[in-house]
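My entries follow, in the order I looked things up.

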Amino acid sequence: MAKKKTQGTTSATVSRVFTATDARTLTQLQSLAERIISAAENGKDPFMDIPSRTLSNVRWCPRKKIIEMGRSTNRRQLFNLHQAKAFMQTLLVAKGAAELIQAGKTLSIRGLYYRLKHRIKGTNENTFETQEECDPIIEDLEVLLDALREQLHLYADKRGDMVGNIVLVDSGDEIDCSRMGSGGYAIPSIVEPEVIQFKKCTAKFVLHVEKGTVWTRFNEDKFWQKHNCILTHGAGQPPRGVRRLLYRLHNELGLPIYCLLDNDPWGYYIYSVIKQGSINLAYESPRMAIPDAKFLGLRSCDFERCGLSDSVKIELTQVDRRRAMQIAKYPWFAQKKEWQREIKQLLENGFKLEVEALISKDISYVTEVYTPERIAKRDWLD
Amino acid sequence: MKQKVRQTVTKSTATGDPSPVGGDGTLGDGRQLTGAARPRITAQKLAAAQRDISVSEFFAKNRHLLGFDNPRKALLTTVKEAVDNALDACEEAGILPEVWVKIGSVGTNRFRVAVQDNGPGILKKQIPLIFGKLLYGSKFHRLRMSRGQQGIGISAAGMYGLLTTGKPVCIVSKTAPENPAHYYEVQIDTKRNVPQILNGRGDGIDIPPGEAGARWMERHGIEWVDVPHGTRVTIELEARYQKGRGSVDEYLEMTALANPHVTLHYEDPEGNEKTYPRATDELPPEPKEIKPHPYGVELGALVTKLQETTAPTLYQFLTGSFSRVTPTIARRICEASGLSPRSNPKRLSAQEAETLYRVIQEIKIPPPASDCVVPIGEKLILEGLRKLVKADFYAAATRPPAVYRGNPFVIEVGLAYGGGPGVQKISRETLAEMLAECDARTLRQFLITQFDGLGPVGADKIIEEAKLKRRMNPAKLSGAEIDRLHHALSTVNLQEGQTMNVLRFANRVPLQFQAGACVITQTIAQMNWRAYGLSQSKGSLPTGPVTVMVHMASVWVPFTSESKEAIAAYPEIQREIRLALQAVGRKLKMYLLRRERVQHEGQRRNIFLRYLGEVADAISAIRPIDRDYLFQKLVDIARKKTAEADMKLDERGQFVDPSELFDGSVIVVEQPSDSEPENNGLHLSHSAAVGARH
């Protein structure tokens with residue numbers, strides 16, 4: 001422990017010029033520590049009020065059309081049997097973040113878990129047993145400090161690729177996304193303006209697809225060349241890096257975002273997260289949610305509309321049905337007749353469709369017929 | 001005997017009889033005799049075979065009645081009878097007893113038992129009678145609390161020794177420092193139940209006091225601990241020495257527990273010496289001798305009493321030979337039975353005696369005085385238990401005197417809770433010895449019978465842990481297997497599988513056998529111990545690290561047999577035992593509740609303390625501050641927060657001063673306080689910390 005302490009102090013003494021964001025985050029971390037010290041000196045219970053990240057504490061803002069976090073907080077106390085460990089863990093994460101900022105380095109959340117995991121002195125208990133224990137604590141610290149993961153010098157595994165008519169600068173390297181071959185440009189976890197700047201963009205819109213296989217189909221058919229657009233995917237539920245990048249493309253470059261997702265509750269929810277923000281990360285909505293994003297498909301009417309064969313049907317499970325009904329009740333869907341009709345149709349169909357189902361018709365049906373048709377007809381759900 | 005002779009005779013004739021029904025011996029002799037054409041035996045012949053049976057002959061044949069069923073028990077019974085006699089003698093003389101027990105091995109399966117006391121000594125002419133005649137004693141004809149009752153014990157032991165080794169009983173007795181010591185070698189004439197003195201031409205030898213006597217004894221190989229007065233009896237007998245349950249060692253240990261005023265010195269056949277020093281210098285008050293209470297006298301006894309009395313009138317007979325029969329009550333008895341108070345008791349007819357008996361049972365007579373029964377006392381029970389069992393909690397209760405069948409008695413109970421069973425203390429060498437010596441057929445049986453409080457569940461656990469088999473022959477374990485067994489014995493947690501260890505006493509004498517037949521064990525098993533925080537399956541002894549001692553003190557303890565190993569189940573006795581157990585049970589419950597609460601508080605503190613170091617580390621890394629200063633501040637708060645852990649709480653969760661918590665009938669051994677974070681003593685299991693997660 002003593003070793004780590006000296007490490008901390010030495011890196012603090014090395015006069016590094018902090019960016020404004022880093023300086024702000026560091027101050028926040030220090031004031032968190034300060035509050036606990038003064039409580040201890042006054043013989044009071046140290047505590048922290050962590051904004052609660054539950055469904056009950058998110059609010060649908062019809063004006064901004066995004067999910068916002070409410071004001072309720074949970075008090076986490078050191079001298080409470082059920083919170084003592086979480087309290088300690090929160091401070092450990094804070095310490096880890098402070099170290100990273102002082103050293104000017106970033107770590108993956110898994111890396112941070114390894115950095116902080118150790119045996120508690122005199123016991124046979126670990127500070128963290130699994131990464132699943134550590135990840136929510138990081139999110140707690142984000143909301144507590146009102147600092148994003150990036151600001152704590154942390155990032156998740158990167159997921160998602162991009163290709164298209166755009167040139168950007170990533171950490172000083174110029175990247176032309178139209179010359180990315182078959183693999184595309186891997187979207188990093190942190191896409192803040194400090195890291196990525198847009199240099200030149202001729203694309204007219206962004207097509208976001210659900211997963212890599214579909215994305216590869218579009219890339220191979222050079223869809224983005226023919227239709228002058230940017231093609232992205234997020235490998236399922238898009239990670240924060242992809243969502244943040246889409247947000248920047250939409251807001252900074254004014255590009256409309258079209259989503260091509262599976263016709264199932266999971267696909268609906270991906271669209272919902274891109275459009276309104278997620279419940280768990282509601283505090284990120286203002287900088288990630290894209291209320292104008294459109295849902296191109298697949299639609300539950302596509303089975304008949306495109307004349308697909310019965311073999312592509314996947315039966316809805318009980319979980320799917322329940323999830324679908326839940327989604328139908330979300331306030332941001334509840335008011336939309338088209339969405340209600342869409343979900344009702346899905347339940348009536350009793351089956352779901354993957355984007356790949358269109359391939360059964362023709363290898364390039366989705367890129368050459370389906371998608372262009374939808375965009376041309378402005379046939380989408382909002 | 002008469003019956004026996006007849007049977008053998010009929011059988012021998014029956015085999016000679018050619019009739020088909022005769023030979024199988026399943027028919028009753030009556031039918032065979034009447035059915036036979038010619039008389040098989042004449043009344044004259046029968047009469048010739050009929051003769052007196054001497055008591056000693058009877059017991060020589062029925063030695064199991066006296067506790068000499070097997071060589072192992074014979075050794076115990078011998079020691080027991082000698083020690084009981086020694087203690088009775090000392091107490092009656094008002095001397096603080098000090099007893100020396102020595103068991104020496106003199107060849108295979110042959111032992112020499114020597115027991116010496118510092119009692120008043122025995123008069124020269126009484127020595128042969130006491131040690132060489134069955135049913136000779138001072139205790140049978142009176143109603144007074146004492147260990148021995150019938151005067152069979154020690155002479156029976158001598159007789160057993162004589163039967164198995166042919167050696168006489170050796171007695172040295174000294175009545176005062178200036179008097180000579182008498183040395184006798186006595187054996188019993190089993191045919192006639194009279195003693196025979198073998199040395200000094202049938203007259204014994206007088207050993208002069210002082211140096212000369214000491215030299216003489218040394219020359220003749222007579223051992224004697226130099227005390228001003230006392231008796232030493234030495235008996236050589238065929239026996240087996242074995243440790244464990246039902247052993248001499250156990251008997252002496254338990255005797256020390258029930259007799260805190262006694263100092264015991266013990267030397268076992270291996271030459272190990274052990275002393276149980278007395279816990280108190282106060283002799284228990286002398287129990288008073290009482291006259292029988294009328295309720296306890298049976299019709300036959302009443303008739304005998306009527307015949308033998310010297311009282312001239314019935315009125316005087318009633319008031320004079322029973323306790324608690326006042327003139328008013330005597331008159332009322334006479335009135336109710338229609339007899340004149342002035343009638344001669346010797347002349348009452350059988351019918352009149354029966355009416356008198358019935359009236360006595362119906363009339364209201366106060367219970368007998370209880371000063372004839374002397375309990376050990378709660379304080380001394382606690383002290384004794386503390387020496388015997390290592391536990392966390394001790395409680396004792398002494399009931400007020402009660403009466404069964406006209407005999408006053410007192411029930412006392414002691415309870416110790418906590419600590420492990422004795423199994424874990426045993427050394428590798430002792431274990432190997434015990435295995436080699438034991439006569440159990442399977443390893444499982446060995447474990448159950450040899451260790452107190454180790455039930456079948458615990459035994460199975462140990463065997464499984466040692467990777468052995470239950471049915472293995474314990475005597476044939478290899479060295480490595482013994483190692484594994486020893487390791488398992490010391491590591492397996494037996495708290496759950498452990499059954500209650502029951503120590504039974506009657507008039508301060510330990511009862512070591514026939515637990516199942518004893519009212520004490522039965523009452524304990526019938527009680528609902530779950531109400532007192534122990535686990536128990538219905539109708540059996542509760543489980544857990546508990547030791548319970550139950551002592552019955554009475555002028556007449558109703559044993560189920562002459563070997564005095566189990567107390568008969570009278571409802572009054574059962575009721576008293578139950579009430580006493582309930583009294584300690586309530587205290588146990590109180591203690592367990594309190595302990596749980598304090599433990600919980602301690603756990604809380606531990607959970608906080610374990611994280612404080614991490615918190616202090618983290619904060620001092622974020623912002624420069626003296627880590628140890630901050631840590632101390634946090635620890636102070638933790639202490640304040642969990643201050644309850646240091647408090648004693650009563651049943652309602654109120655803080656109380658520890659000294660007020662229980663009265664004098666309880667000892668709570670304070671646990672070492674919760675470990676401080678500085679000394680790294682937090683040996684909590686992970687599961688204890690699970691509560692801290694959300």
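**Entry 1: H5 and H9 of chain B.** I began with helix H5 (residues 71-93) and helix H9 (residues 248-258) of chain B, which pack at about 25° with their axes 9 Å apart. Helices here are DSSP runs of H or I with at least four residues, and strands are runs of E with at least two, numbered from the N terminus. Axes are lines fitted to C-alpha atoms, for helices over the stretch in contact, and angles run from 0 to 180 degrees between N-to-C directions. H5(B) and H9(B) are therefore roughly parallel to each other. For the angle words I use these cut-offs: under 35 degrees is roughly parallel, over 145 roughly antiparallel, 65 to 115 roughly perpendicular, and the rest oblique. The crossing of H5(B) and H9(B) is right-handed; that word applies if the near helix is turned clockwise from the far one by less than a right angle, and left-handed if anticlockwise.

Which residues of H5(B) meet H9(B)? I found Leu75(B), Leu76(B), Val79(B), Lys80(B) and Val83(B) on H5(B), facing Val248(B), Tyr251(B) and Thr255(B) on H9(B). Contact means that two C-beta atoms, placed from the backbone, lie within 7 Å. The residues of this contact divide into 6 nonpolar, 1 polar and 1 charged. Nonpolar covers Ala, Val, Leu, Ile, Met, Phe, Trp, Tyr, Cys and Pro; charged covers Asp, Glu, Lys and Arg; the others, Gly among them, are polar.

**Entry 2: ground rules.** A note to myself: this is a predicted model, where local features need pLDDT of at least 70, side-chain atom pairs count only at pLDDT 80 or more, and totals for chains, interfaces and linings use all residues. Residues are numbered from 1 along each chain as its sequence is written, while chains are lettered from A and ligands numbered from 1 in the order in which they are written.

**Entry 3: H16 and H17 of chain B.** Helix H16 (residues 443-450) and helix H17 (residues 456-465) of chain B pack at about 130°, with axes 9 Å apart. They are therefore oblique to each other, and their crossing is right-handed. Leu443(B), Arg444(B), Leu447(B) and Ile448(B) of H16(B) meet Pro456(B), Ala459(B), Ile462(B) and Ile463(B) of H17(B). I get 7 nonpolar, no polar and 1 charged for that contact.

**Entry 4: across the chains.** Next I paired helix H2 (residues 20-41) of chain A with helix H21 (residues 627-641) of chain B: the axes come within 9 Å and cross at roughly 60°. That makes H2(A) oblique to H21(B), and the crossing is left-handed. Ile37(A), Ala40(A) and Glu41(A) touch Leu630(B), Lys633(B), Leu634(B) and Ile637(B).

**Entry 5: H8 of chain A.** Helix H8 (residues 240-253) of chain A has 14 residues and reaches 19 Å from its first C-alpha to its last, close to the 20 Å expected at 1.5 Å a residue (1.5 Å times one less than the number of residues). Its buried residues include Val242(A), Leu245(A), Leu246(A) and Tyr247(A). Buried means 20 or more other C-beta atoms within 10 Å of a residue's own, exposed 12 or fewer, and partly exposed in between, with C-beta atoms placed from the backbone. The buried residues of H8(A) pack against strands E12 (205-209), E13 (229-233) and E14 (257-260) and helix H9 (265-276) of chain A. Gly254(A) follows H8(A), with a positive phi near 70°.

**Entry 6: chain totals.** Chain A has 14 helices and 17 strands, and 42% of its 382 residues count as buried. Chain B has 22 helices and 18 strands, with 42% of its 694 residues buried.
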